[in-house]
Amino acid sequence: MCASGGSVAAKTTNHPYLCQHVLPAISIHMNPLERCTWPGRHPLMIRYHDEEWGVALHNDQKLFEFLVLDAFQAGLSWQIVLQKREAFRVAFDGFDPEIVAAYDENKINELLQNKDIIRNKLKIQASITNARLFLKIVEEYGSFDRYIWQFTNHRTIHNHWQSTKEIPARSAESDAMSKALTNEGFKFVGSTICYAFMQAAGMVNDHLTTCYRHRELKQASAL
């Protein structure tokens, strides 16, 4: 999750979505809580960090939303995606996989004309393909949630990183997830994208141990 900002926020060498050398995070409520450094000062990034990143997610439609957004993030910063998230939600019919699975060429052309989203034809087509395969998995497993959480044995993996530099770009679990999804026919599901999905869906807790959310999420999962 790399915030923009030129020399202020430079990509790490080991993870394309996380940043180092960013300014200390400032709460949107001016709360001096200690956070991970990657949100920087951007309110949307801070809100996402505080309220969503690392939270165990079991709602199929929200899981599909992150599947779509993480595919569009490939090669870009998460801040750009967050800024366009609401426009994506409108353009993609609330991320309803049944509706997205039925998109035709007219809808693809409509999306390509929508300047409020990321207009990448391959990623748009991938979202439609992935929606159809998503529904296939739901039919087979009863829910996508049941399928996707198998890659972490249906629990959150709580890591204990002390520095952003320690956070990996992929893991054995994301490798397995990527391989399985690729074999199913999903697009834009490389291991790095899958690991970002795991972070977003709370399959892994990659908050730094100094971040107040690391402790909160670990305690919540123990309940």
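Okay, let's start with Phe 66: skipping neighbours within four places in sequence, Phe 66 is in contact with Tyr 48, Glu 52, Leu 57, Trp 78, Arg 85, Phe 197 and Ala 200, where contact means heavy atoms within 4.5 Å. Before I go on, the housekeeping: this is a predicted model, so local features need pLDDT of at least 70 and side-chain atom pairs count only at pLDDT 80 or more, while totals for chains, interfaces and linings use all residues. Residues are numbered from 1 along each chain as its sequence is written, and side-chain values use heavy atoms, with hydrogens and water left out.

Back to Phe 66. You'll find Phe 66 in helix 2; helices here are DSSP runs of H or I with at least four residues, strands are E runs of at least two, and both are numbered from the N terminus. Phe 66 is buried, at a relative accessible area of 2%. Buried means under 20% relative accessible area, exposed means over 50%, and partly exposed is in between, with a 1.4 Å probe and protein chains only. Phe 66 and Ala 196 are 130 residues apart along the chain, yet their C-alpha atoms are separated by 9.3 Å.

Leu 69 lies in helix 2 too. Buried or exposed? Leu 69 counts as buried, at 0% relative accessibility. Beyond four places in sequence, Leu 69 touches Trp 78, Val 81, Arg 85, Phe 88 and Phe 95.

Phe 95 sits in the loop between helix 4 (85-91) and helix 5 (97-101), and has a positive phi of about 60° despite not being a glycine. Phe 95 is also buried, with a relative accessible area of 0%. His 154 is another non-glycine with a positive phi of about 60°, this one in the loop between helix 8 (144-148) and strand 3 (157-158).

Now the core. The nonpolar core is a set of buried Ala, Val, Leu, Ile, Met, Phe, Trp, Tyr and Cys residues joined through side-chain atoms within 4.5 Å. The largest one has 56 residues, and Phe 92, Phe 144, Ile 148 and Phe 197 touch the most other members. Which helix gives the largest share of this core? That's helix 2 (residues 60-73), with seven residues. As for Phe 144, leaving out residues up to four places away in sequence, it touches Asp 60, Leu 63, Phe 134, Ile 137, Val 138, Phe 186 and Phe 197.

Just after helix 10, Gly 202 takes a positive phi of about 75°.

On to cavities. Grid points are joined across faces, edges and corners, and the volume is the space filled by probe spheres set on the points. How many cavities of 30 Å³ or more does that give? One. The largest cavity has a volume of about 40 Å³. Its lining includes Phe 66, Asp 70, Met 177 and Phe 197, and helix 2 and helix 10 (191-200) each supply at least two lining residues.

Over at Trp 161, we're in the loop between strand 3 and helix 9 (172-184). Trp 161 and Thr 209 are 48 residues apart in sequence, and 6.0 Å apart from C-alpha to C-alpha. Outside four places in sequence, Trp 161 is in contact with Glu 166, Ile 167, Pro 168, Asp 206, Leu 208 and Thr 209.

Then helix 11 (residues 212-221), where the buried residues are Tyr 212, Arg 213, His 214 and Leu 217. Among the elements covering them are helix 1 (43-51), strand 3 and strand 4 (204-205).

Zooming out to finish: the chain has eleven helices and four strands, and 51% of its 223 residues count as buried. Of the contacts between residues at least 6 apart in sequence, 62% join residues at least 24 apart.

Note on methods:
1 Å grid on protein atoms, 1.4 Å probe; cavity = no way out; pocket = protein on both sides within 12 Å on 5 of 7 lines; lining within 4 Å.
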